[in-house]
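Biologist: I am new to this structure. Please show me the model, and then let me ask how you know what you say about it.

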Amino acid sequence: MITRPFGASGYPVAVIGQGTSGMGERRSARKDEVAALRLGLDLGLTHIDTAEMYGNGEAEEIVGEAIAGRRAEVFVTTKVLPSHASYDGTLRACEASLRRLKTNYLDLYLIHWWSERHPVADTMRAMETLVGRGLVRFLGVSNFDVAQLKAAQAALTGEPLVCNQVLYHLGARGIEGELLPYCEREGFAVVGYTPLARGGYARGVVAQIAKKYGRTPRQVVLNFLTRRPALFTIPKASRPEHLRENAAALEFTLSAEDVARIDRAFPPPRRRRSTRPRPGAAARSRPPSSRARA
Ligand SMILES: NC(=O)c1ccc[n+]([C@@H]2O[C@H](COP(=O)([O-])OP(=O)(O)OC[C@H]3O[C@@H](n4cnc5c(N)ncnc54)[C@H](OP(=O)(O)O)[C@@H]3O)[C@@H](O)[C@H]2O)c1
């Protein structure tokens with residue numbers, strides 16, 4: 001798996017990682033989910049993205065099992081819920097995540113989306129405290145638009161913001177108008193979520209291009225979505241064949257002509273669009289129980 005510098009942190013991170021949304025929701029699937037994450041690590045998908053929200057905290061526990069004994073190979077990201085993102089709440093949420101993940105540090109800690117309840121300055125101050133205590137290496141945000149990024153940056157006193165995690169797939173290219181250029185200028189890694197739009201794009205131009213390279217449509221999609229140096233992606237896959245397919249998605253280079261064909265078939269919107277989360281994105285999982293109390 002190719003790594004590239006993770007924004008201004010310069011830290012090498014796998015361009016394709018592993019999402020965990022939906023994991024931990026069925027007890028019967030737990031063993032397979034741990035095995036999937038471990039296979040992903042074997043294949044070089046070493047950026048694991050999770051959140052206290054996923055599976056009511058259970059996804060973090062599954063990640064904890066998967067990374068046991070191999071912590072140093074993994075770049076672990078988790079996220080605090082906006083409802084927990086007061087100064088003290090962020091500290092408590094981080095400690096609870098660390099317990100579930102069975103690790104003593106996070107590689108990257110994000111606020112899951114903008115909090116209407118807690119000032120971003122309090123969250124950022126807590127995140128800097130966590131870095132100072134050695135519990136977090138890098139800090140970032142998710143689903144922030146440019147104005148929100150500026151507010152978060154202004155609140156930080158020493159640590160840089162290194163990442164914005166946002167929705168990015170062929171049918172959702174809104175970040176390309178204003179947000180991605182801003183992130184590139186500021187040295188943020190842009191981690192795209194839901195890259196496969198839950199399994200679409202198997203027909204038409206993408207399928208034709210895939211055939212030409214002897215690849216699959218989803219490999220073309222992942223390749224396209226990471227075509228710029230700031231871009232990373234975190235598809236979620238539980239099935240071994242999906243993990244293998246995703247891990248091999250950067251073994252070829254799309255020609256400029258094929259990039260242009262995809263651009264024509266899935267044009268980015270002309271209108272500037274916010275990346276603020278759609279309500280459905282947050283509503284897919286229940287908030288964590290008292291174990292993640294903050
Ligand atoms: N920050 C945020 O607000 C936010 C929001 C949403 C998601 N995320 C993060 O981003 C991650 C990815 O997004 P997502 O889970 O919404 O969607 P996704 O990764 O685009 O799609 C996941 C689905 O695609 C399937 N899949 C994976 N690889 C495949 C392949 N090669 N061929 C066919 N199907 C494949 C998976 O199936 P199997 O599982 O059966 O293999 C799963 O059903 C999440 O898991 C989460 O960590 C963050």
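Modeller: Start with a term. Helices (H or I, at least four residues) and strands (E, at least two) are DSSP runs, numbered from the N terminus. A155 is found in helix 5, residues 146-155. Residues are numbered from 1 along each chain as its sequence is written. The model is predicted: local features need pLDDT of at least 70, side-chain atom pairs count only at pLDDT 80 or more, and totals for chains, interfaces and linings use all residues.

Biologist: Why is A155 called partly exposed?

Modeller: Count the C-beta atoms, placed from the backbone, within 10 Å of a residue's own: 20 or more others make it buried, 12 or fewer exposed, and anything in between partly exposed. A155 has 17 others within 10 Å, so A155 is partly exposed.

Biologist: What does A155 touch?

Modeller: Contact means that two C-beta atoms, placed from the backbone, lie within 7 Å. Leaving out residues up to four places away in sequence, A155 touches V120, A121, M124 and R125. A14 is another matter: A155 and A14 are 29 Å apart, C-alpha to C-alpha, and 141 residues apart in sequence.

Biologist: Now I67. What makes I67 buried?

Modeller: I67 has 22 other C-beta atoms within 10 Å, so I67 is buried. I67 is found in helix 2, which spans 58-67. I67 touches V74, V76 and T103, not counting residues up to four places away in sequence.

Biologist: Why is helix 7 called roughly perpendicular to helix 8?

Modeller: Axes are lines fitted to C-alpha atoms, for helices over the stretch in contact, and angles run from 0 to 180 degrees between N-to-C directions. The axes of helix 7 (residues 205-213) and helix 8 (residues 217-225) cross at roughly 100° and come within 8 Å. That makes the two helices roughly perpendicular. The classes are: under 35 degrees roughly parallel, over 145 roughly antiparallel, 65 to 115 roughly perpendicular, the rest oblique.

Biologist: Which residues make that contact?

Modeller: Helix 7 brings V206, A207, I209 and A210, and helix 8 brings P217, Q219, V220 and V221. They divide into seven nonpolar, one polar and no charged. Nonpolar means Ala, Val, Leu, Ile, Met, Phe, Trp, Tyr, Cys and Pro; charged means Asp, Glu, Lys and Arg; the others, Gly among them, are polar.

Biologist: What puts the buried residues of helix 9 on the same side?

Modeller: The buried residues of helix 9 are L243, N246 and A247. They cover an arc of only 95° around the axis, so they lie on the same side of helix 9. The arc is that of the directions from the helix axis to the C-beta atoms. Helix 1 (30-42) and helix 8 are among what covers them.

Biologist: How many residues surround the ligand?

Modeller: The test is a C-beta atom, placed from the backbone, within 6 Å of the molecule. The ligand is surrounded by 27 residues, and the closest are G19, S21, Y193, L196 and K236. By class, the shell has nine nonpolar, 12 polar and six charged residues. Helix 9 (residues 240-247) gives the most to that shell, with three residues.
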